[in-house]
Amino acid sequence: MADAFDLVVIGAGPGGYVAAIRASQLGLKTAIVEREALGGICLNWGCIPTKALLKSAEVYEQLGHLADFGLSVQGRSYDFSGIVHRSRKVAKQLSAGVAFLMKKNRVEVVDGVASLEAATPAPCVNVALKAGGARTLTARWVILATGARARVIPAIGLAPDGDRVWTYREAMVPDAAPTSLLVVGSGAIGMEFASFYRSLGTDVTVIEALPRILPVEDEEISATAQKAFEKRGLKFRVDAKVAGLSRTRSGIAIAVESGGKSESLEAERAIVAVGIEGNVEGLGLEALGVRIDRGHVAVDSHGATNVPGLYAIGDIAGPPWLAHKASHEAVACVEHIAGVGGGHLSAPIPGCTYTTPQIASIGLTEAQAKAAGLSLKIGRFPFRANGKAIAAGETEGLVKTVFNADTGALVGAHMIGAEVTEMIQGFALAMTLEATEAEIMATVFPHPTLSEAMHEAVLDAYGRALHL
Amino acid sequence: MSTDVLMPALSPTMEEGALAKWHVKVGDTVRSGDVIAEIETDKATMEVEAVDEGVVEALLVPEGTESVKVNAPIARLSGGGTATAAASPARSGGAPGETMAVRVPAAPPVAPATAGRRAAVTTPASGRLLASPLARRVASQMGVDLAGIRGSGPHGRIILRDVEGFKPAVAVVMSARAAPPSESPREVRSLEQMGIPQGTYDLKPLDGMRKTVARRMTESFRNVPHFPLTIDLEIDALLAARSSINALLTAEGGKVSVNDLIIKAAAIALQRVPEANASYTPEGLAFHHHADIAVAVAVDGGLITPIVRAAETKGVAQIASEMKGLAERARTRKLKPEEYLGGTFTISNLGMFGIRSFASIINEPQGAILSVGAGERRAVVRGESLAAATVMTVTLTCDHRVVDGAIGARWLAAFRTLIENPITMIV
């Protein structure tokens with residue numbers, strides 16, 4: 001079997017498989033090595049299956065508010081295994097879709113576990129095949145796209161036990177929804193599971209070490225989100241340090257220290273969502289002398305590591321740990337390798353959290369922009385002043401814009417409310433095209449849509465909002 | 001029907017300018033593209049072209065008028081067609097009647113001629129100029145002409161980073177007339193893109209001195225039209241003089257180097273040929289009163305040029321002791337700015353490294369720099385026979401804008417006289 005390639009990609013998540021497709025489009029003979037399932041965590045255990053779960057939860061929760069719409073339904077209930085089953089089916093369908101894309105693009109898929117060995121012009125890739133045996137692949141370039149996994153802290157019990165303590169992975173496929181749940185960490189992953197289980201009636205408490213939930217978001221959005229979540233019955237402990245997690249007779253107990261006070265929170269289950277660690281082990285990176293910085297492979301702006309011919313993209317190359325960031329880096333890295341990278345832009349990366357309400361943001365928060373020394377113009381527009389939001393019964397929401405007052409550059413946008421994850425691309429496009437407030441103001445936003453709130457938030461930054 | 005020709009804005013910040021010269025008179029027929037006038041600001045002189053046809057009916061502003069407001073009518077044409085919108089004035093000046101647009105030619109591309117105006121981003125030659133809205137706005141705020149910037153975005157689109165990273169050539173602040181043709185800034189490519197993989201070298205970040213050396217040398221080599229003049233000097237007499245001087249100075253503990261004598265000789269030569277002790281400026285040629293001799297001193301990580309002020313007035317012993325202190329402070333990076341800023345002439349000596357001959361890069365704004373090679377025993381022809389002598393090759397690099405070949409040659413002749421007959425230094 002011909003085992004010499006132009007490019008070997010290790011890991012078939014949204015970074016790896018996109019890199020392989022782009023490489024093939026550019027005429028490179030490409031192989032991709034995957035130890036588990038095509039599509040990686042995103043497709044199989046992350047972005048996609050959680051969206052399936054959240055859709056079920058959202059529909060179920062709306063059934064509880066039908067009277068607002070002049071509707072009623074008898075006997076609202078859910079079948080938890082049915083919800084999980086649908087989620088798995090969606091993941092499977094998409095994984096099969098990636099297999100099709102690999103075939104269509106003539107990318108050779110090698111099922112197995114890869115490790116690297118020093119060679120020129122790029123390290124060679126030894127694969128312990130899933131089917132047994134081994135293969136050695138040589139290539140002119142190798143791209144590491146092995147992703148990341150949930151960070152665990154076993155010393156204080158923050159590690160999955162296969163039963164009562166979960167990471168995202170176990171939380172996605174339990175037999176039943178717990179009656180009570182503690183979520184450690186209020187980032188996107190923690191909050192999405194908190195939102196999901198709360199919709200199904202679970203008593204959920206979220207523990208956050210920092211002074212506010214969703215700490216990467218704009219402070220105003222964090223505060224608005226916390227209020228909205230609390231209205232749905234979610235409970236929070238912020239500025240709270242987890243001292244330890246222990247098992248009780250029927251569940252788990254977490255000792256929490258906050259403001260000098262200690263308390264013990266008890267629940268049936270706990271989810272550990274305290275961050276991400278790059279999958280840098282077992283690849284032979286140490287022997288190659290690959291520079292690793294705080295659990296991630298250090299790369300330059302093209303994804304090149306310090307080892308000739310070896311590149312890294314996506315979660316393994318550092319934050320933000322987002323699928324679309326991995327895909328974006330994949331294309332940029334492959335185009336650089338193939339020498340067609342002219343005109344590549346360092347575009348801002350939007351972030352989305354699919355809770356109820358949704359949260360989406362891009363660029364700098366107000367505090368970050370201030371810290372950067374910019375003079376600012378800030379605009380805000382609430383959903384409750386938006387016609388479509390009122391008609392749809394989705395008045396909980398806010399759009400906030402941050403402009404550089406000197407140049408009119410949109411430096412950040414922050415949204416909370418229904419469908420904001422679908423709308424943030426409007427601001428992403430504006431920022432990537434380097435629109436100023438003038439072009440966004442001149443853009444016609446269709447009526448009636450929630451997106452009009454984006455337009456108004458831009459107008460408001462310049463004191464020109466029409467519906468405030 | 002008449003149309004008014006309005007005073008054009010040569011830069012976004014320009015509010016008024018001088019009407020330097022009319023190229024047309026009443027009764028002339030002008031066609032699109034004809035140069036009709038020259039406009040001057042403190043920064044630039046630009047030719048103004050007519051966009052439409054017509055007969056000059058009146059020149060409303062006399063030649064030589066200072067402080068003509070932008071958009072004020074400066075001439076009236078009759079029989080012209082309709083006004084063009086192609087370069088409509090940036091401000092609505094409320095001028096009566098129809099206005100005739102003028103177009104400032106894009107010929108000297110570095111000139112901030114049309115920067116900032118919305119219409120300006122359309123260059124007649126190349127059609128539409130691709131630039132992001134933010135890039136356009138920031139360029140206009142900075143007074144930078146987009147036409148001189150190379151876009152790094154898709155399809156060569158000019159984006160913010162191109163504008164922010166753009167350093168206008170020095171010439172922008174000088175006369176547009178004298179400005180050399182602009183070059184778009186080179187696209188900076190990583191070593192890896194150029195075939196040198198990461199990990200095969202160590203990267204040392206640029207310190208302030210390295211950045212300054214890189215910037216000043218690049219600007220000088222690119223902007224100054226320079227040429228070298230080389231001669232050989234016999235220095236046996238100079239070496240003998242040095243020995244005698246040092247014999248006298250030993251008692252006082254001083255010591256004079258060949259370089260100190262070269263400083264003294266150069267200073268006197270600059271007094272004798274004052275045309276060489278000069279700087280080019282857009283306003284005129286500056287002839288310096290004193291010979292402030294900058295001396296290149298190699299230091300760890302770069303070089304610096306401390307200055308012996310008014311060296312023509314100082315004795316060699318004093319020059320020697322000043323140089324000793326300056327070189328010491330240079331090496332310990334303790335020079336004060338007034339000790340290294342503002343010389344009128346530079347000497348760079350690589351003789352101690354055995355270099356026979358080299359041509360230095362002009363130390364702007366000085367008009368010339370002297371490169372001194374090693375003194376070595378060489379065969380020389382005396383009359384019809386060969387003899388041995390200690391010979392030193394020196395090269396004078398001249399800024400041709402101020403020091404022409406003949407001036408440089410005269411300076412070298414004066415310098416030769418002083419070096420080969422050191423006693424004349426005290427005459």
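Predicted model: local features only at pLDDT ≥ 70, side-chain atom pairs only at ≥ 80, totals over all residues.
Which residues in helix 1 of chain A meet which residues in helix 9 of chain A?

On the helix 1 side we have Val18(A), Ala19(A), Arg22(A) and Ala23(A). On the helix 9 side they meet Ser327(A), Ala330(A), Val331(A), Cys333(A), Val334(A) and Glu335(A). By class, the residues of this contact are seven nonpolar, one polar and two charged. Helix 1 covers residues 16-25 and helix 9 covers residues 323-338 of chain A; their axes come within 8 Å and cross at roughly 35 degrees. The crossing is right-handed.

Ala19(A) comes up again in the largest nonpolar core. That core has 154 residues, and Ala19(A) is among those that touch the most other members, along with Val8(A), Val142(A), Ile143(A), Val183(A), Val184(A) and Ala270(A). Take Ala270(A) as an example.

Now the two chains in outline. Chain A has 14 helices and 23 strands, and 48% of its 468 residues count as buried. Chain B has eight helices and 22 strands, with buried residues making up 38% of its 427. In chain A, of the contacts with a separation of 6 or more, 64% are between residues 24 or more positions apart. For chain B, the figure on contacts between residues at least 6 apart is 64% joining residues at least 24 apart.

Where the chains meet, 16 residues of chain B are in contact with 16 residues of chain A. On the chain B side, helix 1 of chain B, residues 133-142, gives the largest share, five residues. That side has eight nonpolar, six polar and two charged residues.

Five strands of chain A form an open sheet in the order 19-20-23-22-21, with antiparallel pairing. Strand 19, residues 351-353, and strand 21 are the edges, each pairing on one side only. On average, neighbouring strands are turned by 10 degrees against each other, direction ignored. Inside the sheet, strand 20 (358-363) and strand 23 (410-417) of chain A are joined by six bridges. One residue pair to look at is Ala360(A), whose bridge partner in strand 23 is Met415(A).

Helix 14 of chain A lies across strand 21 and strand 22, at about 140 degrees to strand 21. Is helix 14 of chain A enclosed or open? Ten of its ten residues, 452-461, are buried, so the helix is largely enclosed by the rest of the structure. After the helix comes Gly463(A), with a positive phi near 65 degrees.

Last, some backbone details. Most residues other than glycine have a negative phi, and most peptide bonds are trans. Here are the exceptions I picked out.

Thr120(A) and Pro121(A) are joined by a cis peptide bond, omega about 0 degrees. Pro121(A) sits in the loop between strand 3 (108-117) and strand 4 (124-129) of chain A. Another cis bond joins Thr356(A) and Pro357(A), with omega about -5 degrees. Pro357(A) is in the loop between strand 19 and strand 20 of chain A, which takes us back to the sheet.

Asp239(A) has a positive phi, near 55 degrees, and lies in the loop between strand 10 (235-237) and strand 11 (240-247) of chain A. It counts as exposed because it has 12 C-beta neighbours inside 10 Å, and the cut-off for exposed is 12 or fewer. Glu419(A) also has a positive phi, near 65 degrees, in the loop between strand 23 and helix 12 of chain A. With 19 C-beta neighbours inside 10 Å, Glu419(A) is partly exposed; buried would need 20 or more.

Notes: Residues numbered from 1 in each chain as written. Chains lettered and ligands numbered in written order. Helix = DSSP H or I, 4+ residues; strand = E, 2+ residues; numbered from the N terminus. Contact = placed C-beta atoms within 7 Å. Core = buried A, V, L, I, M, F, W, Y, C linked by C-beta atoms within 7 Å. Axes fitted to C-alpha atoms, helices over the stretch in contact; angles between N-to-C directions. Left-handed = near helix turned anticlockwise from the far one by under 90°. Nonpolar A, V, L, I, M, F, W, Y, C, P; charged D, E, K, R; others polar. Pairing = 2+ DSSP bridges.
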